[in-house]
Amino acid sequence: MNLFLDALAWLTDPANWTGPGGIPTRVLQHLVITFAAVAAAAVVALPTGVLIGHTRKGAGVVGAIAGAARAIPTLGLLTLLGLALGIGLEAPLLALIVLAVPSVLAGAYAGVQNVSTDTTGAAKAIGMSPRQVVFQVEIPLAAPVIIGGLRAATLQVVATATLAAYTADFGLGRYLFAGLKSRDYAEMLAGALLVAVLALVLELLFAAAQRRAAGRIAATARPDDAVAPPDSPQEKELV
Amino acid sequence: MIEFETVSKTYPGHPAAVADFSLVVPSHSTVVLVGSSGSGKSTLLRTVNRMVEPTSGRVLIDGEDVRERDPVALRRSIGYVLQHGGLLPHRSVIDNIATVPVLNGVPKRQARTAATELLERVGLDPKVGRRYPGQLSGGQQQRVGVARALAADPNILLMDEPFGAVDPIMRRELQEELLRLQSELHKTIVFVTHDIDEAFLLGDEVVVLREGGVIAQRGTPAEILGAPADDFVRDFVGADRAERELHTTEVDGRTIAVDAAGRPVGVLAS
């Protein structure tokens with residue numbers, strides 16, 4: 001309990017809210033690396049996932065690769081990449097991208113694949129080109145599931161982005177590593193709390209976006225169009 | 001005019017879905033392909049807009065082989081109505097109807113105005129236009145499907161069991177509506193159904209198919225009912241069923257039509 005009070009005291013200390021190592025800066029850095037990793041993962045995984053969902057080919061192979069990628073311990077990967085790439089943001093960013101890709105990919109292909117073939121077949125039959133079927137039918141209808149994939153990825157990455165401080169002076173992980181080294185457990189706990197709050201805020205934002213996307217298809221859909229999000233975020237070791 | 005020239009379709013590892021099918025569908029008439037499942041009737045319909053490519057033979061529209069046409073442009077020039085409506089669940093009714101005109105480059109506002117007029121044409125309240133397909137009854141969805149098929153003012157309508165999934169009362173209404181529309185629009189309609197009564201009601205000409213797309217008999221409803229070609233057709237159209245066998249009887253000076261079971265079915269107009 002004492003530790004918890006100490007952490008609160010640390011959090012409310014004005015000295016910790018200013019300067020280059022202050023909470024606002026760290027939070028901003030944390031968000032930057034989180035979004036950079038998820039965005040980079042999306043650039044790779046969204047088109048791939050949509051293509052697989054559209055053609056219904058390669059889901060087995062890519063699913064296996066994505067599943068295997070999930071099993072990679074991020075800290076181990078980061079250590080390897082860190083040894084190869086040295087100090088800096090490159091190694092953690094790459095590790096976080098690898099962490100984010102499977103969820104985004106699964107969301108995209110599950111979402112698109114679950115669009116009823118009656119609907120896509122009809123769209124084709126009335127004269128939509130394959131491209132129009134993808135962009136005007138499959139992606140809008142898959143949007144809630146695609147956003148669900150991004151949501152799962154973001155949650156994993158925001159929690160794991162503390163690892164950026166392993167090889168760089170960046171993000172909220174800095175408080176964890178610094179606190180660990182100086183045995184300042186109040187600072188560590190405070191850092192962990194900040195990460196948790198950040199994760200919750202992002203989660204709420206994504207939940208709202210997902211509801212909005214689903215709401216549009218809304219009143220709609222026959223029960224068989226309702227699809228569960230592909231994956232709930234998995235437990236991953238933090239540090 | 002649509003011509004099927006010895007059209008065959010074989011899927012690997014299966015007996016032929018359609019074998020050597022030839023038929024001419026004259027312009028401005030309704031031809032109904034009727035048969036049970038496995039008769040290849042939907043496959044045949046789908047060769048017209050190249051949703052199915054024949055293994056051999058060709059399909060011509062006004063003398064032109066459909067294979068020479070770009071499939072997307074071809075499909076946009078043909079109205080298509082499906083059993084389950086096939087409406088886009090994320091678009092409003094109006095936008096569903098306006099889909100093809102908008103794809104063809106008609107300005108959105110203009111396409112929506114035209115779509116609203118079409119709603120009335122198929123017997124729906126324009127207010128329905130703002131709703132989404134999931135909020136409509138099955139019968140309403142089919143009406144919207146017909147409106148969508150008419151939106152680009154195609155010469156040809158392909159209808160694939162469009163009224164198969166709605167209840168009998170609604171189906172009857174939709175059939176009457178289609179007859180009314182056709183009397184105004186004079187489209188070339190190919191209509192697929194497994195319901196012989198629907199075929200006789202809607203078809204200027206009816207083609208009875210047996211397994212594998214083989215024509216058992218073709219002709220006007222009267223020709224087929226009056227002289228079934230063989231036992232298959234006789235059985236399929238129910239020529240021996242009690243309600244098909246009518247005779248008349250005099251009641252109070254009026255002539256009543258009675259079926260073989262003695263049930264009165266109507267009064268002869270004098």
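Trainee: Which residues does B:Val190 touch, not counting residues up to four places away in sequence?

Mentor: One caution before the answer: this is a predicted model, so local features need pLDDT of at least 70, side-chain atom pairs count only at pLDDT 80 or more, and totals for chains, interfaces and linings use all residues. For finding your way around, residues are numbered from 1 along each chain as its sequence is written, while chains are lettered from A and ligands numbered from 1 in the order in which they are written.

Now your residue. Leaving out anything up to four places away in sequence, B:Val190 touches B:Ile2, B:Val25, B:Val31, B:Leu33, B:Leu45, B:Val48 and B:Leu158. Touching, or contact, means that the C-beta atoms, placed from the backbone, lie within 7 Å.

In soluble globular proteins, nonpolar side chains tend to be buried together.

Next, the chain B elements. Helices (H or I, at least four residues) and strands (E, at least two) are DSSP runs, numbered from the N terminus. Four strands of chain B make an open sheet in the order E2-E1-E4-E5, with antiparallel pairing. Its edge strands are E2 (18-25) and E5 (64-65) of chain B, each pairing on one side only. Strands count as paired if DSSP finds at least two bridges between them.

Going across the sheet, E1(B) and E2(B) pair in the antiparallel sense over 5 bridges, with B:Glu3 opposite B:Val24 in E2(B). Another 5 bridges join E1(B) to E4(B), also running antiparallel, and there B:Phe4 stands opposite B:Val59. E4(B) and E5(B) are antiparallel too, over 2 bridges, and B:Leu60 has B:Asp65 in E5(B) as its bridge partner. Lying across E1 (2-9), E2 and E4 of chain B is helix H1 (residues 41-48), running at about 125° to E1(B). Axes are lines fitted to C-alpha atoms, for helices over the stretch in contact, and angles run from 0 to 180 degrees between N-to-C directions.

A few spots on that sheet deserve a look. B:Gly57 belongs to strand E4 (residues 56-61) of chain B, and counts as partly exposed because it has 17 C-beta neighbours inside 10 Å. B:Gly57 touches B:Glu5, B:Thr6, B:Val7 and B:Ser8, not counting residues up to four places away in sequence. Its C-alpha is also 7.5 Å from that of B:Asp20, 37 residues apart along the chain.

B:Asp20 sits in strand E2 of chain B and has a positive phi of about 50° although it is not a glycine. With 16 C-beta neighbours inside 10 Å, B:Asp20 is partly exposed. B:Asp62, in the loop between E4 and E5 of chain B, is another non-glycine with a positive phi, near 50°. B:Asp62 counts as exposed, because it has 11 C-beta neighbours inside 10 Å. Most residues other than glycine have a negative phi, and most peptide bonds are trans.

Finally, the partner chain. Chain A has 10 helices and 0 strands, and buried residues make up 42% of its 239 residues. The contact between the chains takes 21 residues from chain A and 20 residues from chain B. On the chain A side, helices H6 (117-125), H7 (130-160) and H10 (185-217) each give two or more residues, and H6(A) has the largest share, 5 residues.

Notes. A residue is buried if 20 or more other C-beta atoms lie within 10 Å of its own, exposed if 12 or fewer, and partly exposed in between; C-beta atoms are placed from the backbone. Two residues are in contact if their C-beta atoms, placed from the backbone, lie within 7 Å.
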